[in-house]
Amino acid sequence: IESLSYGIPNVVTNIGGLTEIVNDKTNCGLVCEYDDTIKMTDNLYTLLNDEELRNKLKENAKKNINENFSINSMIEKTLNVYNEILK
(Lines give C-alpha, C1' and ligand atoms only; values in the text may rest on other atoms or scores of the structure.)
Protein backbone atom coordinates (compact mmCIF):
# COMPACT_ATOMS: atom_id res chain seq x y z
CA ILE A 1 0.00 0.00 0.00
CA GLU A 2 2.82 2.39 0.83
CA SER A 3 4.56 1.97 -2.51
CA LEU A 4 1.25 2.35 -4.36
CA SER A 5 0.62 5.61 -2.52
CA TYR A 6 3.81 6.93 -4.14
CA GLY A 7 2.61 5.81 -7.56
CA ILE A 8 4.81 2.76 -7.76
CA PRO A 9 2.97 -0.04 -9.57
CA ASN A 10 3.30 -3.44 -7.95
CA VAL A 11 3.96 -6.91 -9.31
CA VAL A 12 2.29 -9.31 -6.87
CA THR A 13 1.38 -12.96 -6.54
CA ASN A 14 -2.16 -14.18 -6.08
CA ILE A 15 -1.59 -15.20 -2.48
CA GLY A 16 -2.96 -13.68 0.69
CA GLY A 17 -4.74 -10.36 0.37
CA LEU A 18 -2.54 -8.91 -2.34
CA THR A 19 -5.15 -9.31 -5.07
CA GLU A 20 -7.68 -7.41 -2.97
CA ILE A 21 -5.52 -4.35 -3.65
CA VAL A 22 -3.92 -5.13 -7.02
CA ASN A 23 -6.46 -6.58 -9.44
CA ASP A 24 -8.24 -5.97 -12.76
CA LYS A 25 -10.61 -3.46 -11.15
CA THR A 26 -7.93 -1.27 -9.57
CA ASN A 27 -5.48 -1.81 -12.45
CA CYS A 28 -2.51 -0.60 -10.41
CA GLY A 29 -0.13 -3.46 -10.96
CA LEU A 30 0.41 -6.89 -12.43
CA VAL A 31 -0.54 -10.23 -10.87
CA CYS A 32 0.94 -13.68 -11.36
CA GLU A 33 0.46 -17.12 -9.87
CA TYR A 34 2.40 -17.88 -6.72
CA ASP A 35 5.66 -19.68 -7.52
CA ASP A 36 5.48 -18.84 -11.25
CA THR A 37 8.92 -17.28 -11.62
CA ILE A 38 8.61 -17.07 -15.40
CA LYS A 39 5.42 -14.98 -15.22
CA MET A 40 6.88 -12.86 -12.40
CA THR A 41 9.93 -12.17 -14.56
CA ASP A 42 7.73 -11.39 -17.59
CA ASN A 43 5.62 -8.98 -15.51
CA LEU A 44 8.69 -7.19 -14.18
CA TYR A 45 10.16 -6.96 -17.67
CA THR A 46 6.88 -5.58 -19.03
CA LEU A 47 6.65 -3.02 -16.26
CA LEU A 48 10.20 -1.85 -16.83
CA ASN A 49 9.94 -1.62 -20.61
CA ASP A 50 6.38 -0.45 -21.31
CA GLU A 51 6.36 3.23 -20.32
CA GLU A 52 2.74 3.78 -21.37
CA LEU A 53 1.51 0.87 -19.25
CA ARG A 54 3.75 1.90 -16.35
CA ASN A 55 2.36 5.46 -16.40
CA LYS A 56 -1.22 4.17 -16.50
CA LEU A 57 -0.56 1.85 -13.56
CA LYS A 58 1.13 4.70 -11.64
CA GLU A 59 -1.94 6.91 -11.93
CA ASN A 60 -4.26 4.06 -11.00
CA ALA A 61 -2.07 3.20 -8.00
CA LYS A 62 -2.40 6.70 -6.56
CA LYS A 63 -6.13 6.76 -7.31
CA ASN A 64 -6.70 3.37 -5.68
CA ILE A 65 -4.92 4.35 -2.49
CA ASN A 66 -6.58 7.78 -2.29
CA GLU A 67 -10.05 6.32 -2.80
CA ASN A 68 -9.72 3.20 -0.65
CA PHE A 69 -6.95 3.64 1.88
CA SER A 70 -6.72 7.34 2.75
CA ILE A 71 -7.32 8.24 6.39
CA ASN A 72 -10.67 9.80 5.49
CA SER A 73 -11.75 6.74 3.56
CA MET A 74 -10.72 4.42 6.38
CA ILE A 75 -12.58 6.52 8.96
CA GLU A 76 -15.70 6.57 6.79
CA LYS A 77 -15.60 2.80 6.28
CA THR A 78 -15.09 2.19 10.00
CA LEU A 79 -18.00 4.46 10.91
CA ASN A 80 -20.19 2.67 8.37
CA VAL A 81 -19.40 -0.67 10.01
CA TYR A 82 -20.25 0.72 13.46
CA ASN A 83 -23.48 2.25 12.15
CA GLU A 84 -24.51 -1.07 10.60
CA ILE A 85 -23.83 -2.88 13.85
CA LEU A 86 -25.84 -0.35 15.85
CA LYS A 87 -28.91 -0.70 13.62
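1. A patch, as the word is used in this note, is made of residues with over 30% relative accessible area and no salt bridge, where like charges are joined within 9 Å and nonpolar side chains (Val, Leu, Ile, Met, Phe, Trp, Tyr) within 5 Å. The accessible areas come from the Shrake-Rupley method with a 1.4 Å probe, and for residues only the protein chains shown count as cover. With that in mind, a nonpolar surface patch of about 780 Å² is formed by Ile-71, Ile-75, Leu-79, Val-81, Tyr-82, Ile-85 and Leu-86. One of these residues, Val-81, belongs to helix α5, which covers residues 71–86, and its relative accessible area of 46% makes Val-81 partly exposed.

2. A word on the basis of these remarks: the model is a predicted one, in which local features need pLDDT of at least 70 and side-chain atom pairs count only at pLDDT 80 or more, while totals for chains, interfaces and linings use all residues. Residues are numbered from 1 along each chain as its sequence is written, and side-chain values use heavy atoms, with hydrogens and water left out.

3. Helices (H or I, at least four residues) and strands (E, at least two) are DSSP runs, numbered from the N terminus. Helix α4, which runs over residues 51–68, has 18 residues and reaches 25 Å from its first C-alpha to its last, close to the 26 Å expected at 1.5 Å a residue. That expected span is 1.5 Å times one less than the number of residues in the helix.

4. For the points that follow, buried means under 20% relative accessible area, exposed means over 50%, and partly exposed is in between (1.4 Å probe, protein chains only). In α4, the buried residues are Leu-57, Asn-60, Ala-61, Asn-64 and Ile-65. They cover an arc of only 130° around the axis, which puts them on the same side of α4; the arc is that of the directions from the helix axis to the C-beta atoms. An α-helix has 3.6 residues a turn, so residues three or four places apart point the same way. The face of α4 turned away from its buried side carries the exposed residues Glu-51, Glu-52, Glu-59 and Asn-66.

5. What do the buried residues of α4 pack against? Their partners are α1 (2–5), α2 (18–21), β2 (29–32) and α3 (37–49). Asn-60, a residue of helix α4, is buried with a relative accessible area of 18%, and, leaving aside neighbours within four places in sequence, Asn-60 is in contact (heavy atoms within 4.5 Å) with Thr-26, Asn-27 and Cys-28. Asn-66, also placed in helix α4, is exposed, with a relative accessible area of 54%; the C-alpha atoms of Asn-66 and Ser-5 are separated by 7.5 Å, although the two residues are 61 residues apart along the chain.

6. Helix α3 holds Asn-43, which counts as buried at 6% relative accessibility. When neighbours within four places in sequence are left aside, Asn-43 is in contact with Val-11, Leu-30, Val-31 and Cys-32. Leu-47 is likewise placed in helix α3 and counts as buried at 10% relative accessibility.

7. Strand β1 (residues 10–13) includes Thr-13, which counts as buried at 14% relative accessibility. Not counting residues up to four places away in sequence, Thr-13 touches Leu-18, Thr-19, Val-31, Cys-32, Glu-33, Tyr-34 and Met-40.

8. Asn-27, in the loop between α2 and β2, has a positive phi of about 50° although it is not a glycine, and Asn-27 is partly exposed, with a relative accessible area of 24%. Asp-35, in the loop between β2 and α3, has a phi near 70°, a positive value in a residue other than glycine, and Asp-35 is exposed, with a relative accessible area of 64%.

9. How many salt bridges does the rule give? A salt bridge is a side-chain nitrogen of Lys or Arg within 4 Å of a carboxyl oxygen of Asp or Glu, and by this rule the count comes to 1. The side chains of Lys-87 and Glu-84 meet in a salt bridge at 3.3 Å, N to O, and both Lys-87 and Glu-84 are exposed.
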